[in-house]
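The points begin with the contact between the chains and end with single residues.

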Amino acid sequence: MAPLLEIKGLKTHFSTDDGMLQAVDGVDIAINKGETLCVVGESGCGKTVTAMSILKLIAMPPGRIVQGQILFEGRDLVPLTSHELDDIRAKDIGFIFQEPMTSLNPVLTVGEQVAESLRRHEGLSKKDALARTVEMFKLVQIPNAAGRVHDYPHQFSGGMRQRVMIAMALACKPKLVIADEPTTALDVTIQAQILDLLQDMKDRFGMAVMLITHAMGVVAETAQRVVVMYAGKVVEEADVDSLFENPRHPYTQGLIRSIPRIDLDSANKTRLEAIGGSVPILINPAPGCRFAPRCRYAFDRCAAEEPLLREVAPGHRMACHLGEKQEAVA
Amino acid sequence: MSQYVLRRLLIAVPSLLGISLVLYIVLALAPGDPFSELATNPNVPPEVAAALRAKFGLDDPIYLRYLHWLAAMVQGDWGFSFVSRMNVDTLILQRLPTTLYVIGSAQILALLIAIPVGVYAATRPYSIFDQIANTFAFIGFSLPTFFTGLLFILVFSITLDWLPFVYSSDIKATGIRWLFEQIRQAIMPVMVLGLFQAASMTRFVRSAMLDVIRLDYVTTARAKGLGQPRVIVKHAMRNAMIPVVTLVALQMPAVFGGAIVTEQIFRIPGIGSLLISSILSNDTPVVMAVTFVFACLVVLFNLIADILYGWLDPRISFR
């Protein structure tokens with residue numbers, strides 16, 4: 001079965017005063033119908049730009065999709081104009097943003113902001129759209145839904161605003177919801193509630209979810225499949241169990257080791273590991289593996305030749321020379 | 001809401017009192033008064049002049065004179081113009097509509113140019129349209145109105161002979177013809193004032209829009225597939241208009257000031273030229289009343305700005 005969304009060799013670059021910033025440089029991601037896919041990586045690895053490229057929500061200029069295909073139900077979205085994409089936005093692909101505090105328009109009521117996508121895509125009257133909005137608010141468990149649709153964003157807490165954002169993204173029952181770090185700006189208890197709510201909504205509507213996050217804990221709880229990104233490239237892709245049990249890429253291993261654990265007894269407790277160094281600047285990056293400067297296993301070939309994504313086990317792909325070396329030795 | 005307006009109007013009373021006091025003192029300190037002419041007139045004996053001064057209370061201490069003026073003012077007696085030989089309030093009411101007509105049209109013209117041009121330029125920053133708009137705006141507010149005014153007169157009245165360059169208060173025509181003439185003679189002053197205002201406003205609208213257009217909620221609106229025009233007008237513009245309202249309202253005093261110059265150039269019989277001529281002829285009651293009317297208009301426009309804020313931005317409540 002063809003995947004719902006298939007990103008092939010996507011390159012999104014930004015022109016800056018210092019040169020071309022290769023924020024996303026050859027990314028392949030596929031999402032099947034009804035699947036939850038997590039995209040993980042640290043800040044600046046290109047997760048958000050990848051997601052924003054799908055609906056062309058990046059600022060163009062300076063951003064530009066230089067290469068690649070984004071196939072949604074077999075149709076390439078890259079050549080479409082922003083105007084043509086308007087029929088897909090919110091209707092087929094919903095978007096939940098990272099910052100609930102700034103993602104809602106302060107001068108319009110929340111109800112109006114949810115209702116307007118219903119009116120745009122389903123041609124509902126003002127009254128019907130508002131009624132549907134109230135229903136959506138009830139679904140996302142906003143108390144006193146019928147009254148709160150007339151309130152403005154500043155009258156809501158962060159968690160409630162994110163519920164509004166979820167209602168907005170789901171209002172037109174899209175086939176895919178892209179959630180860009182939906183819980184990062186919220187405090188921990190609210191994070192859990194929002195993730196539960198997303199899971200609930202997914203069970204109810206059966207849409208696919210592309211969840212972008214930097215928290216491995218969130219990945220373990222929600223994902224079926226995981227894509228690990230580093231410096232604008234996919235470095236590893238696997239289903240969630242094999243990724244946590246058998247991480248192949250040194251970067252993924254580092255990410256997993258950096259999760260604090262409470263299941264170890266005090267005798268076995270060790271200092272939490274961190275990955276040294278920071279994400280490289282993606283203007284004219286050096287050839288070879290982009291993780292090599294921070295990699296404890298790096299050897300000569302890593303600096304010279306870029307590792308390509310290859311299958312190391314069924315459904316498990318990664319991009320590292322290391323595995324090949326070990327396999328060659330073995 | 002009406003309670004808010006009422007309270008704002010009540011707050012305006014002390015500030016207007018303060019303004020009138022300062023105006024009165026400054027004018028009292030200024031050299032010359034309505035009777036200074038009598039003193040130099042050989043036909044008026046000095047004792048008659050002195051008797052007149054005493055009769056009109058000009059030799060009283062300043063606080064007494066101020067209280068007299070205030071008491072009369074509150075009762076609707078704005079004084080008498082010795083130069084025009086008529087009541088000051090009649091004089092002002094004769095002149096004010098012309099000024100409001102010209103300034104009002106100029107402001108409307110400025111907004112009609114500045115908002116669309118500024119918004120469109122902001123949606124395509126650094127495009128050719130944006131650069132041309134910026135260049136014109138820069139030229140526009142670099143040229144003072146007294147220069148553009150004369151230039152317009154030279155081109156449109158003298159060279160091309162399309163428009164009259166002296167504003168006439170009594171047009172000898174009726175009906176549609178009168179309206180036509182009224183519009184025709186206002187074109188140049190309105191263009192001069194309006195374009196000058198439009199130039200600085202365009203740049204302001206553009207930067208206000210640029211600030212808003214890259215905010216998260218505009219991206220949210222885009223992600224809903226609403227289409228560019230709707231995203232810009234409904235989501236970005238309404239937010240960008242909040243600082244623009246401030247600018248327009250706070251610029252009103254400067255607009256009235258600029259109108260004084262423009263009125264002089266085009267001989268518009270408005271309140272500004274009345275102010276100039278009464279200053280030159282030492283017609284103190286008129287100067288006092290006109291400056292006070294300006295002060296009232298400024299206070300009024302500030303109130304209008306505050307009400308517009310509340311309408312544009314629900315986070316501001318009228319309490």
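1. The contact between the two chains takes 26 residues from chain A and 21 residues from chain B; two residues are in contact if their C-beta atoms, placed from the backbone, lie within 7 Å. On the side of chain B that touches chain A, the elements that give two or more residues are helix H9 (216–223) and helix H10 (228–266). H9(B) gives the most, with 7 residues. Helices here are DSSP runs (H or I, at least four residues) and strands are runs of E of at least two, numbered from the N terminus. By class, that side of chain B has 7 nonpolar, 7 polar and 7 charged residues. Ala, Val, Leu, Ile, Met, Phe, Trp, Tyr, Cys and Pro count as nonpolar, Asp, Glu, Lys and Arg as charged, and the others, Gly among them, as polar.

2. On provenance and conventions, this is a predicted model, in which local features need pLDDT of at least 70 and side-chain atom pairs count only at pLDDT 80 or more, whereas totals for chains, interfaces and linings use all residues. Residues are numbered from 1 along each chain as its sequence is written, and chains are lettered from A and ligands numbered from 1 in the order in which they are written.

3. Chain A contains 12 helices and 12 strands. Along the principal axes, the C-alpha atoms of chain A fill a box of roughly 70 × 55 × 45 Å. Of the 330 residues of chain A, 46% count as buried. A residue is buried if 20 or more other C-beta atoms lie within 10 Å of its own, exposed if 12 or fewer, and partly exposed in between, with C-beta atoms placed from the backbone. Among the contacts in chain A with a separation of 6 or more, 65% are between residues 24 or more positions apart.

4. How is chain A divided into domains? Domain 1 comprises 5–92 + 176–193 + 204–262 + 273–284, and domain 2 comprises 101–173; the bounds come from an automatic or database domain assignment. The centres of the two domains, taken over C-alpha atoms, are separated by 26 Å. Their contact takes 9 residues from domain 1 of chain A and 10 residues from domain 2 of chain A. Helix H7 (residues 188–205) of chain A gives the most to the domain 1 side, with 3 residues. By class, that side of domain 1 has 7 nonpolar, 1 polar and 1 charged residues.

5. For chain B, the UniProt annotation "domain: ABC transmembrane type-1" (unreviewed entry) covers residues 96–305. UniProt positions are given in the numbering used here, feature names are shortened, and annotations may be inferred rather than shown by experiment. In the model, the span 96–305 of chain B is 84% helix and 0% strand, and its end C-alpha atoms lie 21 Å apart. For "transmembrane region" (unreviewed entry), UniProt lists residues 9–30, 100–123, 135–160, 186–205, 240–266 and 286–312 of chain B. Residues 100–123 of chain B are 100% helix and 0% strand, with end C-alpha atoms 34 Å apart. Residues 186–205 of chain B are likewise 100% helix and 0% strand, and there the end C-alpha atoms are 26 Å apart.

6. Lys173(A), with phi near 50°, lies in the loop between helix H6 (158–170) and strand E7 (176–180) of chain A. Lys173(A) counts as partly exposed because it has 14 C-beta neighbours inside 10 Å. Asn282(B), with phi near 55°, is found in the loop between helix H11 (271–280) and helix H12 (284–312) of chain B. With 18 other C-beta atoms within 10 Å, Asn282(B) is also partly exposed.

7. Is Leu77(A) buried or exposed? Leu77(A) is buried, because 21 other C-beta atoms lie within 10 Å. Leu77(A) lies in the loop between strand E5 (75–76) and helix H2 (82–85) of chain A. Leaving aside neighbours within four places in sequence, Leu77(A) is in contact with Ile54(A), Ile70(A), Phe72(A) and Leu85(A).
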